[in-house]
Amino acid sequence: MHYRITNYVNPDCLVQIEDVQFNCHLLVLQCYSAYFNEKTSKDVVKLPAANVSPKAFELIYEWMTYVHGDSYTILKRDNILEVFLAAQFLGIKELEEQCWAFVDCEDLFTEDTAFILYLEAKKFGISAIMELMIPRIMKFFLTLVSSKDYLELQLDEVFVLLSSNYISVHSEIEVFMSAVRWLWHDWKERKECLEQVMSCVRFGLIAPWQLVDIRRNPENPEFLEITSHPGVQQMIDNGLAYAIIKYWYGNQTGDYYHWIDLLGLSEPPSRNWAGDEKNYVTYREFLHDLEQYRKELYNEKEKSRTKRDTQSTKSKRNNDQSGLTTSPRDSIQPSQPERRPSSRKQSNPISGKSARVEVALGDTMRSEIYDHSLLLKDYLKEGSLFFSERESVLVFGGIDPHSKYGDGRNTGRNIFRYNSELNQWDLVGELPQPRHHHAVAFLKGKVYLAGGTDPRDDEQGRTVVVGTVWSFDPISRAWFKETDMLTPRKNFGLSSVKGKLLAIGGQDKHGRILSSVEKYDPLTGNWEYITSLNVERTGVAVAKYKDTVWIAGGMTSSRKTPLTSSVESYDPKYNTWVEQSSLRFPRCFGCLFAMNDTLYYIGGAGRVSEKERTTSSCNAIDIWNLKEKEWKLHFAMSIPRHGHAVAYLGTQILIIGGVTTAYLRALNDVECFCCERKTWVKGLTVLPVPLSGHGAVTLPPASLM
């Protein structure tokens, strides 16, 4: 069978794309493609070239038929979008996932190459990839602004770019001038969208003297024209008012919030600041700097061309010496394919310490070997919380509810890092404000901390449920204010999926248990409600599992049966929640964790049997049996616990802190379970303080970033 398929003996299906024909075996196509699986006839199958190009189909069919190892991948910089588009049309899920893994690799697409892919994805209309590339432009932003490509962007593309928290600028005035540059390129047509473009500028981050200057300086006629618009004037006035309030009252004070609320202002999120602040008095100074960026880009192109020519000469000389010859393929002939090793089972396009990357820069193509160690410098700066070759576990906030708040380190503001090499916990920072019963998630190099409660009592002696969201940069250890959630909530689930954050369920400030779900886009800073849960719940467990988000257990508003065993999964593609098989028994305040395609439910508080009258901490670790579609007991912890947090180191799960009804106290114990060996690892150092209601994330090794 293998011989017949790979040598195209008696093919029984003719695939035609424009004037190119492919002789294939229908059975092979049906094994992988949902599109062909619906075909019962072996007649000619005509595919639209707009969705499946001949080049893409040839590569895909070769991917289907080659089975000898996984050292080669068909995916390259210059074909990834064609293959991805074709895989989507043909319904080849496995190849789609490999394409996503390739595109999602930040080592392959970063800054200049990310923008090239952004433009190509725009041509194909693949909005998901366009959104994925925006955060990667970062330091390339000002170089991009200096290019003609920037001036030709559409309104919606400029809006997304200038609204992003990730673009790297020296000051907000550079964003303002970048907006002016795009508008002024075709002022007659673009002045209709003036207010929309200017809404991207965070005027509150611009120095007051500059806000006055851009409306009065005669050396900037472009500014005078733009700022004469009433809508823009209002934006500048609001920015000036915010800047003055912040100057007089500082951040995070009662007077500060009083005046912000009174004037109806909002606190602008910070940008990705690049080095020392740089301010411009005139627009001409900014254009002069852009010219320097343009020259640097040209010099890089020339260096790349020279290096490529040198490598090409060396390669030709080596081929001549070895007797090797190369010849281009004149046409697409599937009956006589090049035989190359396949990587059908390989999801990570990079292996080893370096990878060959083909990238486009302007009109120049370059193929270079990038030393992986060169990518580490930013992540290993002094003070960075990343380790070079191993994971780093961070624990955020939480308190000991059985001890007096404020005693010692029981502050709810601590950030601890576990160093596995030294087997010790270190205090590495503080939260902007105390938090517990919050949620944390790691996304694109940052840690997001959302919601929860402030353990400090308010005037009525109650803890306050909040909707605040911060992002934390583990490299600089800096906190950034993000947009607040639409609904303040505690004891909820937070998970990343497709570059977005989902805040799921929980309990609001009025004590109501929630079924609502919010989605946050870090690029735009916007929250929006999406499809609600089927069952409202608080004290939930959440994890990303096989491209979906799972949520399990919790407490409902039912007085008769407050605990639930319900499990649901969210499919971001269809924005739907699907009910899954229930847990073995109802419980809340446990943890879900996915590793190596296995889903674990760890601990929690519940009643193992209906005979039990009281809710107590559980020591069970259950796993989801995918074949039988049910939960099964896997192992048991030494200490029953709930309200804990989990993280990972390699193939080991760390179960951190929590509270236990067995001893009626909070825990500083850390248990470690090795999923690979299915054994417990003993001897981990305990937390510096007992904690519950905290959050934990694992930072990947810097070498993988």
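**Sheet.** I looked up the open sheet in this predicted model and found four strands in the order β10-β9-β8-β37. The pairing is antiparallel. I noted the edges next: β10 (424-430) and β37 (695-699) each pair on one side only. From one strand to the next, the twist averages 25°.

**β8 and β37.** I then checked how β8, residues 392-396, is joined to β37. The two strands run antiparallel, with five bridges between them. Opposite F396 I found G695 of β37.

**Largest core.** I turned to the nonpolar cores. The largest has 41 residues. Y150, L162, F176, L183, M198 and F203 have the most contacts inside this core. I listed the helices that each supply at least two of its residues: α9 (141-145), α10 (148-151), α11 (155-163), α12 (172-185), α14 (194-198), α16 (221-227), α17 (230-249) and α19 (283-322). Which helix gives the largest share of this core? I found that α12 does, with eight residues. I kept one general remark beside this entry: in soluble globular proteins, nonpolar side chains tend to be buried together.

**F176.** I looked up the contacts of F176, leaving aside its neighbours within four places in sequence. F176 is in contact with M198, V201, F203, I206, I214, F223 and T227. M198 and F203 in this list are also among the residues with the most contacts inside the largest core.

**Second core.** I also found a second, separate core, of 36 residues. Its members include I5, Y61, L81 and F102.

Terms used: Residues are numbered from 1 along each chain as its sequence is written. This is a predicted model: local features need pLDDT of at least 70, side-chain atom pairs count only at pLDDT 80 or more; totals for chains, interfaces and linings use all residues. Side-chain values use heavy atoms; hydrogens and water are left out. Two strands pair if DSSP finds at least two bridges between them. Axes are lines fitted to C-alpha atoms, for helices over the stretch in contact, and angles run from 0 to 180 degrees between N-to-C directions. A nonpolar core is a set of buried Ala, Val, Leu, Ile, Met, Phe, Trp, Tyr and Cys residues joined through side-chain atoms within 4.5 Å. Buried means under 20% relative accessible area, exposed over 50%, partly exposed in between (1.4 Å probe, protein chains only). Contact means heavy atoms within 4.5 Å.
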